[in-house]
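Here are a few friendly notes to read alongside the model.

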Amino acid sequence: MTTTIELAGKVALVTGSGNGIGRATAKALAQAGAKVCVSDAIAADGARTVQEITDAGGSAIFVEADISVEAQVKALVDAAVSAFGGLDILVNNAGIGGAQKRLHEVETAEFSRVLDVNLLGTFFMTKYTIPHFLKAGGGSIVNIASTYGLVGAPKAPAYCATKGGIINLTRQLAVDYGPDNIRVNAICPGYIDTSLGRRGPTLTEEQFKEATARREKAAGMQPLGRQAQPIEVGNVVVFLSSPNASFMTGSIVTVDGGCVTTFNYGEASN
Ligand SMILES: NC(=O)c1ccc[n+]([C@@H]2O[C@H](COP(=O)([O-])OP(=O)(O)OC[C@H]3O[C@@H](n4cnc5c(N)ncnc54)[C@H](O)[C@@H]3O)[C@@H](O)[C@H]2O)c1
């Protein structure tokens with residue numbers, strides 16, 4: 001076993017890879033030698049990721065899909081397999097934050113939308129990928145959960161519920177598919193400097209500045225005292241997807257600067 005991560009000959013599919021953690025992950029997987037199917041609900045963002053990968057000498061295609069729509073997920077997986085001849089790595093990354101409200105203030109439609117994208121989307125992606133892994137004799141799934149799936153965090157009922165669900169779904173899938181050489185692990189990111197981290201791409205400049213300052217203050221209270229860049233999660237995805245992590249399955253890996261080792265969420269955390 002070498003310490004270099006080598007994914008040449010592997011095919012990876014990363015949902016939500018038009019931005020943030022997914023984009024950094026797709027680029028890192030390509031850099032390690034994988035052919036990457038970039039997917040996102042926003043075509044222009046996904047196309048930019050593909051351009052960046054191919055500019056760097058990597059191999060990638062873009063397939064537009066909303067992971068909460070079953071027919072689009074099926075078409076996405078089929079497209080990845082037919083473009084590259086198979087599928088070895090799935091990164092269930094796409095997710096949304098939902099309304100920042102206490103539960104009794106949340107509209108049913110708002111709650112459902114977070115469930116549909118974060119949990120049902122993960123179900124659809126996994127459901128249509130597993131048959132290809134079974135055919136290939138194995139594969140790796142990395143689910144991007146959250147520290148908010150490990151603890152109760154303020155004003156995020158749907159988000160916390162879905163991320164907690166993804167964490168235990170990860171363990172459950174590890175049990176069912178271990179005998180098929182399919183490894184399933186989850187990452188719980190903490191404060192990562194992305195649009196979702198700042199609670200949405202639609203902020204005004206003033207709101208953006210305010211949200212960024214609040215985030216930085218909250219992240220500053222954690223052991224490593226800062227937000228992470230998306231690639232700091234992407235690097236761990238690459239490791240978990242690789243043969244270097246061959247005995248890891250059902251693992252819930254925090255990538256959070258020590259966040260959940262402390263007792264301190266701080267009132268600035270939302
Ligand atoms: N940023 C953080 O601090 C943080 C912390 C913990 C967990 N996470 C998780 O990391 C993952 C990535 O988040 P991010 O911070 O990079 O967010 P981001 O908003 O920067 O990127 C998310 C991407 O997913 C896409 N997307 C959203 N809904 C989709 C759908 N229905 N179908 C397909 N694509 C969709 C968006 O278009 C976007 O490109 C999410 O699952 C999020 O919950 C993020």
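1. Strand β5 (residues 139-144) and strand β6 (residues 182-189) pair in the parallel sense over 6 bridges; pairing here requires at least two DSSP bridges between two strands. Within this pair, V142 has N185 of β6 as its bridge partner. Helices (H or I, at least four residues) and strands (E, at least two) are DSSP runs, numbered from the N terminus.

2. A word on the source: this is a predicted model, in which local features need pLDDT of at least 70 and side-chain atom pairs count only at pLDDT 80 or more, while totals for chains, interfaces and linings use all residues. Residues are numbered from 1 along each chain as its sequence is written.

3. Zooming out, 7 strands make an open sheet with parallel pairing, ordered β3-β2-β1-β4-β5-β6-β7. At the edges stand β3 (59-64) and β7 (252-255), each with a single partner strand, so one side of each lacks a neighbour in the sheet.

4. Now to helix α6 (residues 205-220): its 16 residues reach 22 Å from first C-alpha to last, close to the expected 22 Å (1.5 Å times one less than the number of residues). R215, A218 and A219 are its buried residues (20 or more other C-beta atoms within 10 Å of their own; exposed means 12 or fewer, partly exposed in between, with C-beta atoms placed from the backbone). Seen down the axis of α6, the buried residues fall within an arc of 95 degrees, so they line one face; the arc is taken over directions from the helix axis to the C-beta atoms. On the other side of α6, E205, E206, K209 and A213 are exposed.
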